[in-house]
Amino acid sequence: MTDAVLIARVLTDDDPQAFDELVERYQSPVRALLLRLTRSNQSLSDELAQDTFLQAYRSLRSFKGDARFSTWLHSIAYRAFLVHIRSQRATEQYEDDLHGTAIEPCTRTSDFNHDLELAMQSLSLPERAVLTLCLGDGCTHEEAATALNLPLGTVKTHASRGREKLKALLSEWQNA
Amino acid sequence: MSTDLDQMITAGLRAQSQAVPDAGFSRAVAERVAAVRKRRRLARLIPGLFAAIGTAVVLLFQVQWAALPGEISNLAASIPEVQLPQWTQLAYAPAPLIPMWAWAGLVVALFAAGSSAIRSSES
């Protein structure tokens, strides 16, 4: 069943199973994005993800279908995260996220995914978000720009810069 | 040109995005959505409730307007007679009929008593 059919069933029949299906379908990419943004803070990312789906349910009628449903969900999730970090304590916590941390090549472990996770955490917030959407979820740059409410050129810059940083950080794996 | 490392990064990020286990997350969202749905249903009842209350009030007033003359009569009939306390009855009681000669005798007696008192005080 396509997203459009499920959304229509939620809107017309208020079908709870249809929305459950949408949640099951998109919980993984939304939570993955929020895990990246919160630097693997499991409880916070789950709380924000729940808020995201709740907000999506409340404002489902405003979804026009001119972007993919996943893009729309990502934009809600990103906004929920931004609202969270605007609180005073959270701003302090994410202070260095705006610029990222100093780049030093990772010490290679036996697990590439572990090293990749560490490398992602050293990127700036927008770079993490753009790479997660573009590389992780297969979004186009335009879709990422829509989801993150950023200019297209900025998204392309973040994507390119983030990718270069990752390659520098994971250079030990270059000839693996 | 896409290198092996590029492909590894892309594959790694994609795998991570698709591999977050549900672990009861969907059920938790479903419960919160059910609560929202319940509140929405209640909220839908509110306009109907207000309409019902408004209609009842209007009807009630209409009935009272129609019965107003009768109600006023009933109200007037139901007002109890004012019962004044005992001492006020004494104050408001009509004065007893005293003959004129008695009033004149009282005045002469008071005048004589007053004159006698003045004289005794002067001596």
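This short talk covers the interface between chain A and chain B, then one serine in chain A.

Some housekeeping. This is a predicted model: local features need pLDDT of at least 70, side-chain atom pairs count only at pLDDT 80 or more, and totals for chains, interfaces and linings use all residues. Residues are numbered from 1 along each chain as its sequence is written, chains are lettered from A and ligands numbered from 1 in written order, and side-chain values use heavy atoms, without hydrogens and water.

Interface, then. On chain A, 40 residues are in contact with 27 residues of chain B; contact means heavy atoms within 4.5 Å. The two chains bury about 3,100 Å² between them, with 58% of it on carbon and sulfur atoms. That is accessible area (1.4 Å probe) lost on being put together, summed over both parts.

Now the charges. The rule finds 4 salt bridges across this interface. A salt bridge needs a side-chain nitrogen of Lys or Arg within 4 Å of a carboxyl oxygen of Asp or Glu. A:Asp14 forms one with B:Arg37, the closest N and O atoms being 3.3 Å apart.

Which helix of chain A gives the largest share of the side that touches chain B? H2(A), with 12 residues. Helices here are DSSP runs (H or I, at least four residues), numbered from the N terminus.

Last, the serine. A:Ser59 lies in the loop between helix H3 (42-58) and helix H4 (69-85). Buried means under 20% relative accessible area (1.4 Å probe, protein chains only). A:Ser59 has 19% relative accessibility, so this serine counts as buried. A polar atom of the A:Ser59 side chain lies 2.7 Å from the backbone oxygen of A:Gln55.

Conventions:
Helix = DSSP H or I, 4+ residues; strand = E, 2+ residues; numbered from the N terminus. Buried < 20%, exposed > 50% of the residue type's maximum accessible area, 1.4 Å probe, protein only. Polar contact = N/O pair within 3.5 Å; in protein donor to acceptor, adjacent residues only side chain to side chain.
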